[in-house]
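Please open the model in a viewer and keep the selection tool at hand.

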Amino acid sequence: MKINEWNIDSLTGAYRKRSLSPVEVAKYCLSAIEKRGKDLNCFLQVREDAVLASAEDLEKKFNDKAKLPLYGVPIAIKDNFLVDGWQATAASKILQGYVSPYTATSVERLEAAGALIIGKTNLDEFAMGSSNENSAYGPVKNPWDTSRVPGGSSGGSAAAVAAHLCWGALGTDTGGSIRQPASLCGVVGLKPTYGRVSRYGVIAFASSLDQVGPFGRSVNDVARMMEAMAGYDRKDATSSRSVVPVYTESVARASAKNARFGVAKELLEGLDPEVRQSFDLLVQTMVANGAKVVDVSLPHSRYALSTYYLIAPSEASSNLARYDGIHYGYRSKGSRGELEQVYLKSRGEGFGPEVKLRIMLGTYALSAGYYDAYYGKANQVRQLISQDFVQAFEKCDCVLMPTSPSVAFKFGEKAADPLKMYASDVCTLPINLAGLPSVSVPSGLSSDKLPIGVQFVGRHFEEQRILDLAAAYEKLRGPFPIAPGVRE
Amino acid sequence: MCPMSEERLSKETVEHIARLARLELSSAELALYQDRLGRVLGYVKELSSVKTDPKAVVQHVPRDVVALREDRVLDFANTRKLLANAPEKSEDSFLLPAVLDGSNEN
């Protein structure tokens, strides 16, 4: 097995035995990014000198740092996180050239655990999209089939992990932006409970929904990253004080025996037949290994799409008001003279089409006379969606559902119709609205050799349980195939 | 996934929203957003048929999340880094077009 196929614990184990060094691995990643990453367009910035300097520093401090859980582990960061000295464009023209003046708490904690930041990954502009086609810097290609999308919005992070250009990556998930690309690229992606990981230093999209989470090639790798970065942060007012478990301890001895899974029929409608097949097979596997499955009902989840597309754009229209061409980012050259012209032209020229659509949707939903009927109503329906989950969790400990209704689709296939594109997230949106944790795990390949994913959804702050159950499934499933091109 | 009913927005409404959102749009964009906004708003209208309690407490943050902490100002040490991102600056200030002219002075 080549080193790029090792998991995080094998990598750090090899470092500790001095059979491998962070500089060697950094060079390996940089060369792989140069060879494959450019074609996939999954990175927006790689600072070779800074990466090598950090790797050398880790080597120099071997005696102090080699015991750290992520010592020398190359991790990619979505380009909507601030990392001191690195760019943060959120894949928008309006933030072209923006250099982060400080570091996001989640990234700071990964670095404190020894991680090596390897680059900034591509995304849909301001994390708005399900295919990565909304990036101002060109779309990311899916490593399994480069004529298809990697999913979005964290498509660059998912593709980089799937193509073995790094060992893990950070993403953000507002309506499915970690889990859906994880599913389409055949990797593991965790959206933690709202409030579990600090959002400080992350470019805000919809503040009541945004959550930071890890991508990895296995549940254990994701758990390693989570235990390093989760927990209270005084700089995020919605950050939870609840204790962070050492997730990997329990993950290592996970079993499906006596687990109580809930399956909601409402969420199995309208799926690709192969996605449904893979889901059914997973359920059978769990039952054959001692798990119980009960029917649960999530009747209001059918309104998740409408609810989400009122709440998220409303919050976005407010959050994105800060891009005014004054403090940072793009200022239109044609706006000299009058302040309002600076705003109108800089924003009109700087934002891409989908971002403008969502800003206007939100502005409309929040405007005088419409607020109660749109934003207010959506928040009430959101409560009903949440309550359905509370009731479901009285009967089970984990709800199983597909992550995406289809496998990776072709470029351009859904780009012209916003509703068709939004429907890509129909399985993931209810979980964000309810603030729950959910981990997507690859469950199989379609006949076209495209990955399919299933998500394990838990109660608030029960990341441990869903990671355990996902790991138990992973053991039963066996090793997942590696994307084409990685071994060449 | 088809919109159940299209919400027809007038061109003036779209112009008004764009103005509120501080977005200058070309006439081609105006037509595009008139169509797209209409489609999405037509779809989300389905919520009006959902029975909800208008007095229900809307809560999206898990209960154990406590937002209260001491209100303390922390200085950001490196204003130079912040100013480095400004499109136009002068020493330690952001530069913007004049907001007041002589005629507005009291």
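Select A:Asn258 to begin. In this predicted model, A:Asn258 counts as exposed because its C-beta neighbours inside 10 Å number 9, and a residue is exposed if that count is 12 or fewer. The residue is located in the loop between α9 (247–251) and β7 (260–264) of chain A. Although A:Asn258 is not a glycine, its phi is positive, at about 65°.

Next, select A:Phe126. Is A:Phe126 buried or exposed? A:Phe126 is buried, because 30 other C-beta atoms lie within 10 Å, and the cut-off for a buried residue is 20 or more. Phi of A:Phe126 is likewise a positive value in a residue other than glycine, near 55°. The residue belongs to the loop between β3 and α6 of chain A.

The loop between β3 (116–121) and α6 (155–162) of chain A also holds A:Ser153. Select A:Gly152 together with A:Ser153 and inspect the bond that joins them. The peptide bond from A:Gly152 to A:Ser153 is cis, and its omega is near 10°.

**A strand and its partners**

Now select residues 438–445 of chain A, which form strand β10. Of its 8 residues, 7 are buried, so the strand is largely enclosed by the rest of the structure.

How many bridges join β10(A) to β11? There are 7 bridges, and these two strands run antiparallel. A:Ser440 stands opposite A:Gln455 in β11(A). β10(A) and β11(A) form a hairpin with 5 residues between them, and in the turn A:Lys449 has a positive phi of about 65°.

**Two helix pairs**

Select residues 22–40 and 48–60 of chain A, which are helices α2 and α3. Their axes come within 8 Å and cross at roughly 160°. An angle over 145 degrees counts as roughly antiparallel, and α2(A) and α3(A) are therefore roughly antiparallel to each other. Their crossing is right-handed. Residues making the contact include A:Val23, A:Ala26 and A:Leu30 of α2(A), and A:Val51, A:Leu52 and A:Ala55 of α3(A). By class, this contact of α2(A) with α3(A) has 8 nonpolar, no polar and 3 charged residues.

For the second pair, select helix α11 (residues 304–319) and helix α14 (residues 372–395) of chain A. These helices pack at an angle of about 130°, and their axes are 9 Å apart. That angle makes α11(A) oblique to α14(A). The crossing of α11(A) past α14(A) is left-handed. Among the contact residues are A:Thr307, A:Leu310 and A:Ile311 of α11(A), with A:Tyr374, A:Tyr375 and A:Arg382 of α14(A). The contact of α11(A) with α14(A) divides into 8 nonpolar, 3 polar and 1 charged.

**Between the chains**

Finally, display chain B beside chain A. In total, 46 residues of chain B are in contact with 57 residues of chain A. On the side of chain B that touches chain A, α1 (11–20), α2 (27–44) and α3 (79–84) of chain B each supply at least two residues. Which helix supplies the largest share? The largest share, 7 residues, comes from α2(B). By class, the side of chain B that touches chain A has 31 nonpolar, 5 polar and 10 charged residues.

Terms used:
Residues numbered from 1 in each chain as written. Chains lettered and ligands numbered in written order. Predicted model: local features only at pLDDT ≥ 70, side-chain atom pairs only at ≥ 80, totals over all residues. Contact = placed C-beta atoms within 7 Å. Helix = DSSP H or I, 4+ residues; strand = E, 2+ residues; numbered from the N terminus. Nonpolar A, V, L, I, M, F, W, Y, C, P; charged D, E, K, R; others polar. Axes fitted to C-alpha atoms, helices over the stretch in contact; angles between N-to-C directions. Parallel < 35°, antiparallel > 145°, perpendicular 65-115°, else oblique. Left-handed = near helix turned anticlockwise from the far one by under 90°. Pairing = 2+ DSSP bridges.
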